[in-house]
Amino acid sequence: MHHDDARLFRAINRRILPPLFAAYLLNSIDRANISFASLRILHHYHLSGADFGWIGGMFFIGYVLFQVPASALALRIGLRPFLGGIMVAWGLFSALMCCVDSKFGFYACRFLLGVCEAGFAPCCFHYLACWYPPHRITRALTFQQISAPLAAVIGGPLSGAIMSGMDGVMGQEGWRWMFALEGLPAIVLGAVVMATLPESPDTARWLTPEQRHALATHHGATVAQAAQVSVRSLVLPALFYFSLITGMYALNLWLPLIITAHGGVGLMATGWLYAVPYAFSMGAMVLFTYSHERVRCAMWGLMAALALACSTRAGMGLAGQIASLACGMAALYVAYTMFWTATINHGRSRVGAVAFAGVNAFGLLGGVTGPVIVGQLKDMTGTTGPGLRAIALILAVAAMAYALFRPGARGANLATQEPSPP
């Protein structure tokens, strides 16, 4: 029986994980390439730090406003057509960023990109939960989530190469080519997903009836347990998740400008240096995310806060700052993946999936808060250091609250621990 289960999940891994991995990879590239465009558009459009913070944050306003409705719509029309359709839509809007010619155009395009991507993450999590029982979900989720830092490892050098190598081609700036070329693959993959990804195990032709029955047996007890979700169990996870997203997207948006502030760093070098913290994060995720106990998750949040604070020490050179930011980024990604491996089981029911989307929606407000905090304080002080220290404080407070003031009843916790493999 154990051998049959291993063969079943190898088949699922081969068929389900590659397209979801690729979708997350393109999703991360398309939402983050605005950080590289900042190296040109800030000067070209005379944007302040606060302006650019809001350009980054407008994505998350659209994303958050439509998160829960989009998740409910996905459950209504089907996960496969929903995933494929929004991939085509966000690819189009990402590519159309090449046509923007004003600050308010960037605001509008980023907002609409967020609307198009709304529901993507909770829909993917719910889709994984349809295929993987509790004792199998951690490895699948880690494999999927590692695509986010990998996107930066690939996207950083790629964006730098496009912006420098294609600047002036057909009379267009390099950053416009970057948006156009990096948006198109999502359109193609969206069409492939709609054509090939099965809606659920029941419609997967490559599963035998015996395998479908075995999978249903694995899921039976989990679905009944996952239907119980209380408001009390959502508050602290949502606040902690908010702090993680605040840190992750502040670094994601401002890292190229942090690097170039040291002077004498070109576009290609910036792309490669941008990739370093994310490459370090990938290794940390593989090594440390197979345990998701709540206090350890908070501990990684505290480590991220300490690393971000250390990165702002006076007189720190580029190498030291990159090393500190790499430690902070790695801690954020480990905490993020631990958080979702501990909460994903509640996405196995329809009630849980909507609550799951609610936590994700609130947490993603950090995607507005982080970039704007750094931008506002940069305008006031001339440096990103005070903004990074403010975010470190938010992380530290939220992590301590998450560890110390969680609901006492295990049954009420959102972050229930997965059972061990049988």
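**Briefing: a helical protein model**

Helix α9 has a kink of about 30° at Gly-155, shortly before the proline Pro-157; the bend at a residue is the angle between axes fitted to the seven residues ending there and the seven starting there. This is a predicted model, in which local features need pLDDT of at least 70 and side-chain atom pairs count only at pLDDT 80 or more, while totals for chains, interfaces and linings use all residues. Residues are numbered from 1 along each chain as its sequence is written, and side-chain values use heavy atoms, with hydrogens and water left out.

**Helices**

- The protein has 18 helices and zero strands; helices (H or I, at least four residues) and strands (E, at least two) are DSSP runs, numbered from the N terminus.
- Helix α9 covers residues 147-165, 19 residues in total. From its first C-alpha to its last it reaches 26 Å, close to the 27 Å expected, where the expected span is 1.5 Å times one less than the number of residues.

**Burial and contacts**

- Of the 422 residues in the protein, 60% are buried (under 20% relative accessible area, with exposed over 50% and partly exposed in between; 1.4 Å probe, protein chains only).
- Helix α2 is mostly covered, with eight of its eleven residues buried. Among them are Ile-34, Phe-36, Leu-39 and Leu-42.
- Just after α2, His-46 takes a positive phi of about 55°.
- Contacts (heavy atoms within 4.5 Å) between residues at least 6 apart in sequence join residues at least 24 apart in 84% of cases.

**Thr-384**

- Thr-384 lies in the loop between α17 (366-381) and α18 (385-404).
- Thr-384 counts as buried because its relative accessibility is 10%.
- Leaving aside neighbours within four places in sequence, Thr-384 is in contact with Trp-254, Ile-258, Val-374 and Lys-378.

**Cavities**

- Rolling a probe the size of a water molecule over the atoms shows where empty space is left.
- A search of the whole structure finds three cavities of 30 Å³ or more. A cavity is a set of points, on a 1 Å grid over the protein atoms alone, where a 1.4 Å probe fits but cannot get out.
- The largest cavity has a volume of about 360 Å³; a volume is the space filled by probe spheres set on the points.
- The largest cavity is lined by 29 residues, and lining residues have an atom within 4 Å of a point. Ser-28, Arg-31, Ala-148, Tyr-249 and Tyr-333 lie nearest its centre.
- Helices that each supply at least two residues of this lining include α1 (2-32), α2 (34-44), α9 and α12 (232-260).

Definitions and conventions
1 Å grid on protein atoms, 1.4 Å probe; cavity = no way out; pocket = protein on both sides within 12 Å on 5 of 7 lines; lining within 4 Å.
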